[in-house]
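Below is a short note for a colleague going through this model. Please read the points with the coordinates open.

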Amino acid sequence: MTAGELVLPEARTGRRRATKAGKQLHAGPVTYVALIVFALVSLAPLVWTAVAASRTDRRLAQAPPPLWFGGNLFKNLEAAWDQAGLGTAMLNSLIVAGTITVSTVVFSTLAGFAFAKLRFRFSGLLLLLTIGTMMIPPQLAVVPLYLWMSDLGWSNQLQTVILPSLVTAFGTFFMRQYLVQALPTELIEAARVDGASSLRIVWHVVFPAARPAMAVLGLLTFVFAWNDFLWPIIALNQQNPTVQVALNALGTGYVPDQAVIMAGALLGTLPLLIAFLLFGKQIVGGIMQGAIKG
């Protein structure tokens with residue numbers, strides 16, 4: 001055996017480990033069963049909503065409840081659309097949720113970058129105060145917030161719902177925690193040495209590095225803003241409602257039609273499903289990209 005053919009045992013062991021590490025992992029039957037069970041449990045409420053929306057109110061009151069689709073789906077969807085005025089409500093919710101999502105992502109990224117990488121006086125105290133606001137129940141702010149919006153003359157207007165949610169403590173803390181690890185300080189210092197301004201550093205360095213977390217925060221914020229009910233039902237009326245406020249009108253009356261209510265709930269959920277189907281792949285890809293870079 002020549003010197004070139006001599007392979008130490010440690011080298012052979014490391015080579016075998018590298019070969020095993022390069023192999024693709026395959027899921028076993030237990031994994032598939034668990035994933036199927038979790039998927040069925042997660043989809044069960046949505047499927048039941050669709051089944052109930054396709055039946056009549058009388059059939060829903062019978063026992064056992066229906067387990068398959070009926071023939072009244074489009075009739076109930078049309079009734080819910082007309083009774084709740086969902087055309088205007090959908091547009092209002094899209095404006096509110098879209099504006100809140102964009103502003104929250106941008107402002108939370110800027111604030112998170114400041115807390116993560118910039119050095120200024122009382123930064124730790126300000127961060128604690130920001131996190132502390134998350135402990136305050138939102139119900140406590142309803143009365144003073146309503147009085148404030150009334151003084152501004154914004155009652156029953158969309159900006160009443162948008163303004164209090166332009167930035168959130170959760171979004172700031174979330175982006176701060178991400179940028180601490182994902183954004184190297186050396187990269188910012190190198191940009192400053194090259195003469196980049198603070199605005200250019202934010203646009204060309206911070207935003208690209210924070211893109212995966214911004215996508216996740218944007219999806220969470222859009223879902224929360226779309227589903228928000230407490231403050232919109234107080235601040236708006238049925239003439240200028242969001243989707244959740246409009247759906248509240250379906251539950252009024254001496255004998256509410258449960259099938260129509262389910263049809264309205266299904267219509268209110270569809271935009272969220274469409275948004276996730278359109279952008280879910282990009283969001284998951286961004287998360288994986290951030291994980292690989294980390």
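1. The model is predicted, and side-chain atom pairs were counted only at pLDDT 80 or more, whereas totals for linings use all residues. The pocket points below should be read with that in mind.

2. The largest pocket holds about 1000 Å³ of space. Its lining is made up of 31 residues. Those nearest the centre of the pocket are Pro138, Pro164, Ser165, Thr168 and Phe224.

3. Which helices each supply at least two residues of the lining? They are helix 5 (86–117), helix 7 (142–152), helix 9 (169–182), helix 11 (198–227) and helix 12 (230–235). Helix 11 gives the largest share, with 6 residues.

4. By class, the pocket lining consists of 23 nonpolar, 7 polar and 1 charged residues.

5. Helix 5, one of the helices that supply the lining, also packs against helix 9. The axes of these two helices come within 7 Å and cross at roughly 50 degrees. Because of that angle, helix 5 is oblique to helix 9. The crossing of helix 5 past helix 9 is right-handed. On the helix 5 side the contact is made by Ser108, Thr109, Ala111, Gly112, Phe113, Phe115, Ala116 and Lys117. Helix 9 brings Gly171, Thr172, Met175, Arg176, Leu179 and Val180 to this contact. The class count for the contact of helix 5 with helix 9 is 7 nonpolar, 5 polar and 2 charged.

6. Helix 5 and helix 11 have axes that come within 8 Å and cross at roughly 140 degrees. This angle makes helix 5 oblique to helix 11; angles count as roughly antiparallel over 145. The crossing of helix 5 and helix 11 is right-handed. In their contact there are 16 nonpolar and 8 polar residues, and no charged ones.

7. How do helix 4 (residues 73–84) and helix 5 meet, and at what angle do their axes cross? The axes come within 6 Å and cross at roughly 75 degrees, and the two helices are therefore roughly perpendicular to each other. Ala80, Trp81 and Ala84 of helix 4 make the contact with Leu86, Gly87 and Met90 of helix 5. By class, this contact of helix 4 with helix 5 has 5 nonpolar residues, 1 polar residue and no charged residue.

8. To restate the points on helix 5: this helix is oblique to helix 9, oblique to helix 11 and roughly perpendicular to helix 4.

Conventions: Residues are numbered from 1 along each chain as its sequence is written. This is a predicted model: local features need pLDDT of at least 70, side-chain atom pairs count only at pLDDT 80 or more; totals for chains, interfaces and linings use all residues. Side-chain values use heavy atoms; hydrogens and water are left out. On a 1 Å grid over the protein atoms alone, a cavity is a set of points where a 1.4 Å probe fits but cannot get out, and a pocket is an open set with protein on both sides within 12 Å along at least five of seven lines; lining residues have an atom within 4 Å of a point. Grid points are joined across faces, edges and corners, and a volume is the space filled by probe spheres set on the points. Helices (H or I, at least four residues) and strands (E, at least two) are DSSP runs, numbered from the N terminus. Ala, Val, Leu, Ile, Met, Phe, Trp, Tyr, Cys and Pro count as nonpolar, Asp, Glu, Lys and Arg as charged, and the others, Gly among them, as polar. Axes are lines fitted to C-alpha atoms, for helices over the stretch in contact, and angles run from 0 to 180 degrees between N-to-C directions. Angles under 35 degrees count as roughly parallel, over 145 as roughly antiparallel, 65 to 115 as roughly perpendicular and the rest as oblique. A crossing is left-handed if the near helix is turned anticlockwise from the far one by less than a right angle, and right-handed if clockwise. Contact means heavy atoms within 4.5 Å.
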